[in-house]
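Please keep the sequence and the model at hand while reading.

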Amino acid sequence: MLRTVRHIITKEFKQIFRNKTMVGLIFGMPVIQLLIFSYTANFEVKEINIFIENRDNSPASVEFIHKIEASNYFTLTNVATYNDGLKLMEQNNVDVILSIPQNFGKNINLGKPTNIAVVTDAINGLKAGIIQNYLQNVVLRFSKEKITSKVKLEKMPGIEINNHNWYNPTLDYKVFMVPGILVMLITMTSLFLSAMNIVREKEIGTIEQLNVTPIRKWEFILGKLMPFVLLGIAEFTLGLLIAFFWFRTPIEGSIVMLYLFTIVYLILVLGIGTFISTVTETQQQAMFIAWFFSVIFILMSGLFTPIESMPVWAQRIADFNPIKYYIDVIRLVMLKGSTFVNVSKQFTIIVIYAVVLNVLAILNYRKTSG
Amino acid sequence: MRTFLAFIKKEFKHIFRDKRTLLILFGMPIIQVLLFGFAITTEIKDGKMAILDLAKNRMSQQYISKITSSGYFILKENLKNYSEIEKSFKRGSIKIALVIPEKFAENLGNTNSSVVQVIADASDPNMATMLTSYLSGITNSFAIEKRLVPEVPIKIESKMLYNPENKSVFMFVPGVMTIILMLVSAMMTSITVAREKEIGTMEILLVSPLKPAIIIIGKVLPYLVLSLINAFTILMLGFLVFGMPMEGSRILLFLEILLFIVTSLSLGILISTIAQSQQTAMMMSLMGLMLPTILLSGFIFPIESMPRILQILSNVIPAKWFIIIIKSIMLKGVGIRVVWKETLILAGTSLLFILMTIKKFKIRME
Amino acid sequence: MNKVIEVENLTRTFGHFKAVDNISFNVEKGEIFGFLGANGAGKTTAIKMLTGILEPTSGKGKVAGFDIITERNKLKYKIGYMSQKFSLYEDLTLKENIGFYGGIYGLRKREIAERTKKMIARLQLGDIENTLIAEIPLGWKQKIAFSVATLHHPDIVFLDEPTSGVDPITRRQFWDLIYQAADEGITVFVTTHYMDEAEYCDRISMMVRGKIAAMGTLDELLHKHAAKDMDEVFLKLARQ
C-alpha cells in the first residue's frame, strides 16, 4: 500500500511549494537566524566598566591598577568620587567599583594583610560572578609577584594548575552554540508545520473527504510525516553546511550518525506535532500549544543553560525532554567525535520516544468519529 | 460611544470563547516565571568531575575531599588511567577531569611545586572556564590552609549591590514579562486582524460607520487588558514567590509597562497590515519577533559581548530598552530622571509604528 | 443480490440523544435514493454510519456487500462521497486534485489520465486542467467535486446536501450529472432539505427526529398522505 502513501506525499509537497511565502519562511528564516543568533548567544563578559577609587596613590597601588587594565577585561571610568561611581552604576554606566584603601602600598611592603573593597552590580548574577573571578585572578597574580620578589624566590612554591581546554581550545562560544541553535530551529520549524498540518485539513473540510476514502490511519500519518522529514533533513543539511563553512564548527564524528539521529529525532518531533494536530480544532490553537511546549522544552534542554545546575526535581523532569537527548548527541558527535557506542543510551531513548509518540498520534487520529 | 462598546464586547467574546488559547495565555506566564525562578539558572554548579589520583597519599585525599565538599563539583568517576579520560568525555558523563600527580604535595619545601592537570570539556566554554576557575580557587585555598604557600596579603571584601543573594530570577522576571507582553500584544493582535482579513469580516467593518481608528482601538483594547493582567501576575509572582524587591515608584512602573504594551500593540497592527493570512502573521511574529526579543534584548545573553554590528542592531529591539527600564526601576529604585532616554525611545518607536500603519492603511484605501 | 444497501435496526445515540433511532431500509442497485429530512433529523449521522466513519450504537448494515462495522476498509473502495463542505484542495490544480484522489483509490496513471479527459469533456469545462481550484467558479467546483467523487467508479455514491447554497440552474445541471451516473449503474444516495428535489429521486425516505417516518416513490407518498407536494407531506409528518 506504499502507493497510497506516495500519493499523499506528492500532494503535500505540491501544497507546501505552492505557497512561496511559506517556502521562504521555512528555509530563509532558519538560515538568517542561525547566522545572527550564533553570534548573540555568548556568556562571555567583556568590556567591564570599572571605577577605581584610589585612596593610596602609592607606587604599589598604581602598579595594581595597571595590572587590572592590562587584563583586557576592564575599561577604566574616570570620575572623581565614590558617590559619582555609585550614580554611574545606577545608570548602568559602571559595572563594578573598586576601592583601594590608604596604606595599601605600605602594608604590601610590610607583608601585612590589607583589604580592598569591591562593589558589584549583581542584577545579572552570572556577570557579577565572572567579574569577581577576574578581579580575584588579578589580585592573586599581583600578590604572588609581590611575595616572590620579597623573599627573592624565582618561583612560587605550592600547587600549580596546568589546565587544558579540550575540544575547543580557543574557548569559542560559537562552537558550542551553533549546533544547539541548529537543533532549536529544526525542532521549531518541524513542530509548527506538522502541528498545523492536519488541523488545516480539518479547518477547510477536506478531512471529511479523506475519511471516507480507503486510506488507513498509518498510511495517512506516514504520508503526512514524510514530506516534513525530508524538509527537516534539507534544513539540517543547510544548517550543517553553514556551521561547517561559515562558523568553522568542527565535525569530528561520523556524518552518517548525525543523519541517523536527525531522522529518528525528526520523526519524534513530527509525532508530537501530529498529536497536537489531532487534539486541536483550529490552526491558531495548534500554534499556541506548539509554542507553549516548545518554549518549555527548549528552556529545559540544556541548550542555553546547564542542566546540571537545575535542582534535582527539575533535572528529573528534564529527563523526559526529548530535545535534551538530541542536543546532547549532536554536540557530542560534532564536537567530540563520540561514537555510536558512546551515545547508544540516548539513541535508545530517542527511538522509544519516536515510536510511542507516533503510535499515540496514529491512535488519536480518528477516522471514525464518536 | 454605544457602537464602540458593542464592538469591544464582541472582541472580548471572541477571546473568551476559545478556552484553550485563554488557558495558555494566562498559564504561560505563570509556568515560565516559576520555571525560570525555580529550575533554570545560568549559575554553574555541580560540575561533573572525574579524578585520576596517581598519588593516593594523605594530601591527595584531603585535596579531593576539599573539592567534593565545595558544592561546585560532583565526583562522578574515579579513573585508573589516562585513556579513560577521553572515554568519559565522549560519553558526555563528565565536564572536567583532574589528574593528581605522583608524590603530590610531598617535598614542596623550596622551589618545588606540584603540578595538577585540569582538563575541561571546552565544547561548552562557559562551563569550562567557570569550573576551571572554581577549581583553581579551591586549590589555592587548600595550599594556603596546608601552609604550602605564604598567605596572600590582599583580600577582596565584596559587596553585591541590588541582588545580594545573586538570584538569577531577578534577571529573568523582567525578561519573561517582556516576552509575554510581546507575545500577547504583538502576536495576538496581528493574528486576529489577519483572521478578520482572511474571513472577509474586515471589509464589513471598514464599510461600517465606525472610523478606522476606532476599529483599531477596539481590536487592541482587549489585548491591552490581557497584557496588563499578565504583567500584574508576573510581578506578583516575582514579588511574593521570589522576593523581588520593588524599590522604585509603582506608578512609574505601571506607566512604563503601559507604554511598552502600546509599543507592542502598534507593532502587531503594523504586522497585520503586511501579512495576508493568519499563517504568515504567525510565522512573522513568531520567528521575526520572539527570537530577537529573547536573544537580542540582553534577557539571557549580555549585549556587550556581541559583535559590534549586533550591538548596533540590538538598539532597534524595543524589548532591550524596556528590560533596562524595568530593572532600573524595580531593582535600583531610580526614577524617570535616569530612564528618560529609554522611555523616550519607546515612545518614539510606538509613534513611528503608528505612523507607518496609517500610511500603509491609506495606500490600501486609495 | 441486487441490494446495494441493507440496513437493520440501525441506532446511534450521543449521550441520551438518539440521533438515529432504529431505522431499517434497503436500496436497490441503480436507484436514486432520496434521503430527506429537516436539519438535525439525523441524515448526516446516518450517512456517516453507512460510509464507515461512525460506529453504530446498535443494529447492523451492509453497503455494497460489505459489513459497515467489520469490513469498513473494503467498503471504502466501493463507495464515493461528497459532502456539503467543499472537498477539493484550493491550492492544488484540478489535475493535481484528480491525481491525488485517484491515487488514493489505487487507480493507475493511465486510467487517471483517461478518466480525467473524459470527465473534462463531459463537463464541457475546456482547458482548465492546470488551473488552481481556488480560481474556478463555485458552480463548476460542485460539479467537479461530484465527478471526482465518482472517478473510481464506485458501486454507490453518497451525496450529503450536495446542492445547498447553489443557484437553481446549477442545481438542475447537477442533477443531470446524477442521472448520468445512475445510467452508468452507480447507485446514488442523496440527502437534501430541498423538498422539491424529491421529485428527481426514484424512491424517497423521510426522516423525522431520528426515525424514518415514511418511505416510497413520490407518487406513493403523495397518495398516502393526500398531499399535493412533498412540502405538505413533510409538514404533515412533522406534526405527528
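A residue is called buried if 20 or more other C-beta atoms lie within 10 Å of its own, and exposed if 12 or fewer do. By that criterion, buried residues make up 45% of the 366 residues in chain B.

Confidence can be taken up through chain A. The mean pLDDT of chain A is 84, and 96% of its residues reach 70 or more. Within chain A, the mean falls to its lowest value, 76, in E5(A), while helix H10 (residues 255-279) has the highest, at 92. Where pLDDT is low, the predicted coordinates should not be read in detail.

Next come the contacts between chains. Two pairs of chains touch, and the pair with the most contacts is A and B. Here 98 residues of chain A are in contact with 96 residues of chain B. On the chain A side, the elements that each supply at least two residues are helix H2 (20-40), helix H4 (82-90), strand E4 (114-121), helix H6 (125-151), strand E5 (158-166), helix H7 (173-204), helix H11 (283-299) and helix H13 (322-336). H6(A) provides the largest share of the side that touches chain B, with 14 residues. By class, the side of chain A that touches chain B holds 53 nonpolar, 30 polar and 15 charged residues.

Chain B and chain C have no contact with each other, and their closest C-alpha atoms lie 14 Å apart.

One packing of helices joins chain A to chain C. Helix H1 (residues 2-18) of chain A packs against helix H3 (residues 94-104) of chain C at an angle of about 160°, with the axes 8 Å apart. An angle over 145 degrees counts as roughly antiparallel, and so H1(A) is roughly antiparallel to H3(C). The crossing of these two helices is left-handed. H1(A) takes part through A:Arg3, A:Thr4, A:His7, A:Lys11 and A:Lys14, and H3(C) through C:Glu96, C:Phe100, C:Gly103 and C:Ile104. The contact of H1(A) with H3(C) comprises 2 nonpolar, 3 polar and 4 charged residues.

C:Asp183 is located in helix H6 (residues 168-183) of chain C. Is C:Asp183 buried or exposed? C:Asp183 has 9 C-beta neighbours inside 10 Å, and therefore counts as exposed. Along the chain, C:Asp183 and C:Gly30 are 153 residues apart, yet their C-alpha atoms are separated by 7.4 Å.

Back in chain B, the fold contains 13 helices and 5 strands. Among the contacts in chain B with a separation of 6 or more, 78% are between residues 24 or more positions apart. Two helix pairs of chain B can be followed in detail.

In one pair, the axes of helix H9 (residues 250-274) and helix H12 (residues 318-332) of chain B come within 10 Å and cross at roughly 170°. H9(B) and H12(B) are therefore roughly antiparallel to each other. The residues that make the contact are B:Leu252, B:Leu253, B:Glu256, B:Phe260 and B:Thr263 of H9(B), together with B:Pro318, B:Phe322, B:Ile325, B:Ile329 and B:Met330 of H12(B). Sorted by class, the contact of H9(B) with H12(B) has 8 nonpolar residues, 1 polar and 1 charged.

In another pair, helix H2 (residues 19-39) and helix H8 (residues 212-240) of chain B pack at an angle of about 25°, and their axes are 10 Å apart. Angles under 35 degrees count as roughly parallel, so H2(B) is roughly parallel to H8(B). H2(B) passes H8(B) in a right-handed crossing. On H2(B) the contact is formed by B:Leu25, B:Pro29, B:Ile30 and B:Val33, and on H8(B) by B:Leu226, B:Asn230, B:Thr233, B:Ile234, B:Leu237 and B:Gly238. The contact of H2(B) with H8(B) has 7 nonpolar and 3 polar residues, and no charged ones.

Technical notes. Residues numbered from 1 in each chain as written. Chains lettered and ligands numbered in written order. Predicted model: local features only at pLDDT ≥ 70, side-chain atom pairs only at ≥ 80, totals over all residues. Helix = DSSP H or I, 4+ residues; strand = E, 2+ residues; numbered from the N terminus. Contact = placed C-beta atoms within 7 Å. Nonpolar A, V, L, I, M, F, W, Y, C, P; charged D, E, K, R; others polar. Axes fitted to C-alpha atoms, helices over the stretch in contact; angles between N-to-C directions. Parallel < 35°, antiparallel > 145°, perpendicular 65-115°, else oblique. pLDDT = per-residue confidence, 0-100. Left-handed = near helix turned anticlockwise from the far one by under 90°.
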